[in-house]
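Please keep the sequence and the structure in view while reading.

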Amino acid sequence: MNNYQFMYGHKLDAEEIRKKYPFCNVKVSERIAKSKIYTITFDARMAYSYRRKGYNVIVWGGIYRGVTVFVFRKRRISMRSLPFR
C-alpha cells in the first residue's frame, strides 16, 4: 500500500483524477468561498476522496484567486465541533 492509498483511500494521482473527471475551470465567487455550508479543498486527491464518499460536488476544479479548487456541499467543520477541544 502506497502513502496515497493510506492517506486518501485511493491510489490515483492528480493527473489520473483529472483524466477521469476533467476540471471545469469556472471562476469560484468570494461568496461561495466564505460560505460555511460548503467545504473547499485545493487538493485533487482529497477532492476525489470526498467525491467517492458521495458528497455533492458544487464545483469540480474551478479557479479561485488563481488556484484550482474543489467545492462540496458539506458543512465546514468549526473549531467548536471538534471532539478533542
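## Buried and exposed residues

A residue is called buried when its relative accessible area is under 20%, exposed when that area is over 50%, and partly exposed in between. The structure shown is a predicted model.

Trp 60 has a relative accessibility of 6%, so this residue counts as buried under the 20% limit. Tyr 21, with a relative accessible area of 28%, is partly exposed.

## Aromatic pairs

Rings of Phe, Tyr and Trp are counted as a pair if their centres lie within 6.5 Å. By this rule there are eight aromatic pairs. One of them is formed by Tyr 21 and Trp 60, with 6.0 Å from centre to centre and 75 degrees between the planes. Planes over 60 degrees apart count as edge-to-face, so the pair of Tyr 21 and Trp 60 is edge-to-face. Where in the chain do Tyr 21 and Trp 60 lie? Tyr 21 is in the loop between α2 (14-20) and α3 (30-34), while Trp 60 is in strand β2 (residues 56-64). The two are 39 residues apart, and their pair links distant parts of the chain.

Tyr 50 and Tyr 55 form another edge-to-face aromatic pair, at 5.5 Å centre to centre and with 80 degrees between the planes. Tyr 50 is buried, at 15% relative accessibility, whereas Tyr 55 is partly exposed, at 30%. Tyr 21, Trp 60, Tyr 50 and Tyr 55 are among the members of one aromatic cluster. This cluster also includes Phe 23, Tyr 48, Phe 70 and Phe 72.

Tyr 21 and Trp 60 are themselves an aromatic pair.

## Salt bridges

Side chains of opposite charge can pair when their charged atoms come close. How many salt bridges does the structure hold? There are two. In one of them, the side chains of Lys 34 and Glu 30 meet at 3.6 Å, N to O. Both residues lie in helix α3, four residues apart, which is about one turn of the helix. Lys 34 is exposed, with 59% relative accessibility, and Glu 30 is partly exposed, with 34%.

Glu 30 also forms a salt bridge with Arg 65, and the closest N and O atoms of this pair are 3.2 Å apart. This bridge links distant parts of the chain, from Glu 30 in helix α3 to Arg 65 in the loop between β2 and β3 (67-73), 35 residues apart. Arg 65 is exposed, with a relative accessible area of 66%. Through shared partners, the salt bridges join Glu 30, Lys 34 and Arg 65 into one network.

## Positive phi angles

Most residues other than glycine have a negative phi. Which way does the phi of Asn 25 go, positive or negative? The phi of Asn 25 is positive, near 60 degrees. Asn 25 is located in the loop between α2 and α3 and is partly exposed, with a relative accessible area of 44%.

Arg 65 is not a glycine either, and its phi is positive at about 50 degrees. Its place is the loop between β2 and β3. Arg 65 also takes part in the salt bridge with Glu 30.

Technical notes: Residues are numbered from 1 along each chain as its sequence is written. This is a predicted model: local features need pLDDT of at least 70, side-chain atom pairs count only at pLDDT 80 or more; totals for chains, interfaces and linings use all residues. Side-chain values use heavy atoms; hydrogens and water are left out. Rings of Phe, Tyr and Trp (its six-membered ring) pair if their centres lie within 6.5 Å; planes under 30 degrees apart count as stacked, over 60 as edge-to-face and the rest as tilted. Buried means under 20% relative accessible area, exposed over 50%, partly exposed in between (1.4 Å probe, protein chains only). A salt bridge is a side-chain nitrogen of Lys or Arg within 4 Å of a carboxyl oxygen of Asp or Glu.
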